[in-house]
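The points are numbered for reference.

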Amino acid sequence: MNIIDRFNENLQKYKSIPFWSWNDKLQPEELRAQIREMKDVGMGGFFMHARGGLKTPYMEDEWFDCVEACIDEAKKLDMNAWCYDENGWPSGFAGMKLLKDRENLEHYITYKSKDCFDESALEVYVVTDNQLIRVFESSEQADCYHCVYDHVNSSVVDVLNPSIVRKFIEETHEKYYEKFSTEFGNVMMGFFTDEPQYFRWDTAYTPMLVTAFKEEYGEDVLDGLGSLFIEHEGAYEFRFKYWRLMNKLFINSFIKQIYDWCEEHNCKITGHAVEESALFAQMWCCAGIMPFYEYEHIPGMDWLGREIQSELAPRQVSSVAQQLGKKQVLTETFACTGWDATPKELKRIAEWQYVNGINLMCQHLFPYSIRGQRKRDYPLHFSKHNPWYDELKYFNDYFTRLGYMLTESTEVVKVGIIHPMHSAYLTFNRQKDRESVQVLEDSFIELIESFGAYNIGHHYIDESLLERHGSVRENQLIMGQCAYDYIVIPKLQSLDHTTVALLKQYLEQGGKLYLVDEQPSYIDGKKANLDFLVSNVTWEELINTDIVLRETNTAVRSTYRKSDFGTFLFAVNLSEKEAYTVHYEVKAKGMKQLNLETVRFEGVYFEAGDCGIVVPLTLDPGQSVLLYVDDLASPMPKEKGNTILQQLDTNFNVVSEVRNQLTIDYVSLSYDNITYDESMPIMAVSYRLLSERQNRTIYLKYEFEVKELSNLLIIEAEDQHYKNVWLNGQEIALSQKGILDKSFICCDIVSLVKVGKNEVVFEIEYYQDPMVYHLHLDEGDDTESLMNCLSYDTDIECIYLHGNFGVEALDGYEICMREKGEVVDVKEEANSEECHLSILTTGRFTLVKQKKHVDISRLVQEGFLFFAGELLLEKHFEVKELETYSKLTLEGRFAFAEIILNGKKVKNLLFDKEANLSDYLIQGENILRIRLKNGNRNLLGPFHCANAYEPLGVGPETFHMYGTWDGSKSPMYRDSYSFVFFGVNYIKITIY
């Protein structure tokens, strides 16, 4: 069966599985409705994720009633239900239940150098003749005492203790099984575990080490804890033993125990640990992430924000998956990208991961509600709250097809690279952090990026996994199900003794070895001679001659794969800005392109080469291509240069009135409805009320200016214990269902609004649970775990106006260009193909008549400052001479554009900027319609970040800035507003 036919089969298991944030008072019928919405946009299941804002009691009867309804609805719709294993994250504390017993709490250690013996320390050491000596009392010979202190953190549990993890399983997994055992492995697929870790905020420690260290090494761990902080003879060996055992305890106590439970109960475990993307960060949390993946049925990773980094994180998890025969590899992705991230940008983020071995998507986040704090929960969100939600099916279907192809194929890999994680053990010092492993880290990143740039298929080999699954067969090193013809040793200091033994055997049997630098000089952290490790191949010999990439200094990355439906190359240009032309030399007679959007094969140009064919490709920023080997394919004609037939101006008509928005994010506070404070940022008022720690009646006054009245005006607010609402002194009732969220409330106010200043006053019964005040105001050792499951009782929030008005900034606009978080002034008329522009204004806004004729290169300034939604625009233009082949190109920034020419739909632009007009363009007058959609960024912010007009990574603190407010001021806050560019600044028709 060919690949096109396979796409027409049931691909449910390859479809995305979003994080479904259960973050409010849950209603079973609303949950069922949201599952149907997921199904409609091409999602294959969901992770039921208890999260901040949850009002339904976690893991109680009402909770399980909701889970039961969702399992039932999933069964009806042929979808998969998954449980998230915690309330918030990191996993392990069972929704705070395990935090009640101090014996369950996490330990960590700190260090101080003192001039006297400290009896309060866990242990004290001196250094004599460069040897670390544990002492139990002061000594006249010692002038410096190295003191190590044991601490307990009350907000996380010790997941290195198997009995504590067993309690977690009993409080979570066992309770789900008790309720839904008949559905396990059927509709209820299993569990997502999220960011389990030992204590990452300081030097990790567990009392379990006292026994475990003795059993593993026959030594007392307390004799050497000082070695984690100071340099001396033998420090490397102790650190190696310490972190090697910490990793082993983490794996065996937590993920292996859960994996074994899932195996026994007919379900699966997926999810990810934390901080996978750097060696020093892995030392914070687990001392090596790769062994974790062995005990996941679907190994997973996490990626946050709009920027991408090296291949390290995705290739670590995909290497283990391929080595141990785990077909699917999951990414939790798109958190922190912000409301402005476009589908094209998301595609680039995802394909950076997919080209490195990921093949299953978990979108972060599909929220039950965006009420209050929930709208700030690390957006972007993938629910109906997103204005381009209706286009998600196109997005999801694309990645379902790509995921299927990558899942059901095998990467052609002949090179295994020893991962240097265990060398990080020797030098890591939590107080020095990245600096302590920087040389090792930087050299490894440089090496692996070279492998990617040269298109050399490669996997990483973890030494712990190699000990368990490694062997030598003739002249190949075997790692699980993978066999490597070449082994690469990067720049590192130490190898495990088990690795050394295998490498000796490998070389004795004719194995091929490439050393990047000098030989390592330690085994298990002990000085050793490894002179037998000598390169016997060159870099050029590592290159796969079946497919060679000529250009090796670009951002193009690719994976060459084989399957029973064909051999193919998937290539991606990972650059945000640069287009690249590259040439692949392929040992084949022909190739063709598979278009995963249209699900059709298309011809490509190729020419004869020395050993097959040469395929030239020009890839725009973020563009990808999938090429099939087909010896019967004929080359397409070589493309000629494009000629611009016509450049259209950017003046368009608005086809119909648009429901516009205004966000009001300043408010005045009163306690008596007589005396009001000055108008302040909404989050400053919110934090002030938290800081006052008093539940009482308050009054909030919002103001807005009207210059010209419109005939449609709706006010929308969040339902937060309102007693009364007045507009210009008249009481109003917000009794209609909300527009932005079902939990919001609104009403028509067109008859009450006047020209000039208008005032809206809310009387509110302000209340917070004592835990809210405690976590924000009391000094303690609370980490993110408690904040992640926090729910506010009263949210002080913006209000919104909707209507057929325009919004004018009275003080004008300044246009700036955002560049990696930095900005430079540019002229307002400047064009930018990337359109990473910010529009700045002071914040004096007024409502005016909505324009019917607009310049779409400045839509924001044309009255759509806070707009989020859809615009239908129209333009008439003349074509004097008709050409055979023509295309339309839109340069700008938008989430989605539908191109309609002369009444016929041409194309949806979600990932692309071009549409073929050849069958639609006519001689004479043409009518072009463009349906444009954007995201929520200009409606929901952030508007006021002091350090960047458009931050590329956002979280709750980007918006609320709690803990930094001093009255109405915060160092994180800028009084002026910044909006992002929305529109099209360049339209051209070209012939080719």
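1. Asp65 is partly exposed, with a relative accessible area of 43%; buried means under 20%, exposed over 50% and partly exposed in between, with a 1.4 Å probe and protein chains only. Asp65 sits in helix 3, residues 61–77, where helices (H or I, at least four residues) and strands (E, at least two) are DSSP runs numbered from the N terminus. With Glu60, Asp61 and Glu68, Asp65 forms a patch of negative charge on the surface. Such a patch takes residues with over 30% relative accessible area and no salt bridge, like charges being joined within 9 Å.

2. On the basis of the note: this is a predicted model, in which local features need pLDDT of at least 70, side-chain atom pairs count only at pLDDT 80 or more, and totals for chains, interfaces and linings use all residues. Residues are numbered from 1 along each chain as its sequence is written, and side-chain values use heavy atoms, with hydrogens and water left out.

3. Ser21 belongs to strand 1, residues 19–22, and is buried, at a relative accessible area of 0%. Beyond its neighbours within four places in sequence, Ser21 is in contact (heavy atoms within 4.5 Å) with His49, Arg51, Leu365, Phe366, Pro367, Tyr368 and Asp377.

4. The whole structure holds 72 salt bridges, a salt bridge being a side-chain nitrogen of Lys or Arg within 4 Å of a carboxyl oxygen of Asp or Glu. One of them joins Lys75 and Glu183, at 2.7 Å from N to O. Lys75 is in helix 3, while Glu183 is in the loop between helix 5 (173–180) and strand 8 (188–194), 108 residues apart. Lys75 is partly exposed at 44% relative accessible area, whereas Glu183 counts as buried at 13%.

5. Glu345 and Arg893 also meet in a salt bridge, at 2.8 Å from N to O. Glu345 lies in helix 11 (residues 343–354) and Arg893 in strand 55 (residues 886–893), so the pair ties together parts 548 residues apart in sequence. Both residues, Glu345 and Arg893, are buried.

6. In the salt bridge between Asp778 and Arg693, the closest N and O atoms are 2.8 Å apart. Asp778 is in the loop between helix 19 (770–777) and helix 20 (784–787), and Arg693 in the loop between helix 18 (682–692) and strand 40 (696–706), so the pair ties together parts 85 residues apart in sequence. Asp778 is partly exposed at 28% relative accessibility, and Arg693 is partly exposed at 39%.

How values were computed: Patches are made of residues with over 30% relative accessible area and no salt bridge: like charges are joined within 9 Å, nonpolar side chains (Val, Leu, Ile, Met, Phe, Trp, Tyr) within 5 Å. Accessible areas come from the Shrake-Rupley method with a 1.4 Å probe; for residues, only the protein chains shown count as cover. Lys and Arg count as positive and Asp and Glu as negative; His and the chain ends are not counted. The place of a charge is taken as NZ of Lys, CZ of Arg, CG of Asp or CD of Glu.
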